[in-house]
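This note is meant for a colleague opening the structure for the first time. Please keep the sequence and the model in view while reading the numbered points.

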Amino acid sequence: MTKPAEAILADALRLEPDARAQLAAELLASLDGPSDPDAETEWQAEIERRVADLEAGRTKLEPWEDVKRRIEKSILGR
């Protein structure tokens, strides 16, 4: 890390936790590149499609405990 970056880090670490979190979020977001201008519209359409599938009975819901157990078995072999 360069000296200027170390100085910025030292200053940032003196901030209140909420300010540090906000700063960290902004720094991470700056690494993502430009946002997709169509993403919000596409997510809204996906949500509407999923709700329609639920209401029409085309989607089978599973209890969280069953899903959690399946994930744990897959990851941890339990």
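The points below go from the model as a whole to its helices and then to its charged side chains.

1. Basis of the note. This is a predicted model, in which local features need pLDDT of at least 70 and side-chain atom pairs count only at pLDDT 80 or more, while totals for chains, interfaces and linings use all residues. Residues are numbered from 1 along each chain as its sequence is written, and side-chain values use heavy atoms, with hydrogens and water left out.

2. Confidence. The predictor's confidence in each residue is given as pLDDT, on a scale from 0 to 100. For the protein chain the mean pLDDT is 94, with 99% of the residues at 70 or more. Helix H4 (residues 64-76) has the lowest confidence, a mean of 94, and H3 the highest, at 96. Where pLDDT is low, the predicted coordinates should not be read in detail.

3. Overall fold. Helices (H or I, at least four residues) and strands (E, at least two) are taken as DSSP runs, numbered from the N terminus. On that basis the protein chain contains four helices and zero strands. With a radius of gyration of 21 Å, well over the 12 Å that the globule rule gives for 78 residues, the protein chain is more spread out than a compact globule. The radius is taken over C-alpha atoms, and the rule is 2.2 Å times the number of residues to the power 0.38. Along the principal axes, the C-alpha atoms fill a box of roughly 60 × 40 × 20 Å.

4. Accessible areas come from the Shrake-Rupley method with a 1.4 Å probe, and for residues only the protein chains shown count as cover. The accessible surface of the protein chain is about 7,300 Å², and carbon and sulfur atoms account for 59% of that surface. A residue is called buried under 20% relative accessible area, exposed over 50%, and partly exposed in between (1.4 Å probe, protein chains only). Buried residues amount to 4% of the 78 residues in the protein chain.

5. Helix H2. How many buried residues does H2 have among its 15 residues? The count is zero, so H2 is hardly covered. The expected span of a helix is 1.5 Å times one less than its number of residues. For the 15 residues of H2 this gives 21 Å, in agreement with end C-alpha atoms that are 21 Å apart. Ala 21 belongs to H2 (residues 17-31) and is partly exposed, at 47% relative accessible area. From the C-alpha atom of Ala 21 to that of Leu 76, 55 residues apart along the chain, the separation is 31 Å. Gly 33, which follows H2, has a positive phi near 85°.

6. Helix H4. From its first C-alpha to its last, H4 reaches 17 Å with 13 residues, close to the 18 Å expected at 1.5 Å a residue. Gly 77 follows H4, and its phi is positive, near 70°.

7. Is Asp 53 buried or exposed? Asp 53, in H3 (residues 39-55), counts as buried because its relative accessibility is 15%. Leu 54 also lies in H3 but counts as partly exposed, at 41% relative accessibility. Contact here means heavy atoms within 4.5 Å. Not counting residues up to four places away in sequence, Asp 53 touches Arg 58 and Thr 59. With neighbours within four places likewise left aside, Leu 54 is in contact with Thr 59 and Leu 61.

8. Salt bridges. Side chains of opposite charge can pair when their charged atoms come close. A salt bridge is counted when a side-chain nitrogen of Lys or Arg is within 4 Å of a carboxyl oxygen of Asp or Glu, and there are seven by this rule. One of them joins Asp 11 to Arg 14, with the closest N and O atoms 2.3 Å apart; Asp 11 is partly exposed at 46%, whereas Arg 14 is exposed at 61%. Another pairs Arg 70 with Glu 62 at 2.7 Å, N to O.

9. Arg 49 and Asp 53 form a salt bridge at 2.9 Å, N to O. These two residues are separated by about one helical turn because they stand four residues apart in H3. Arg 49 is partly exposed, at 41% relative accessible area. Which residues are linked in a network of salt bridges? They are Glu 46, Arg 49, Arg 50, Asp 53 and Arg 58.
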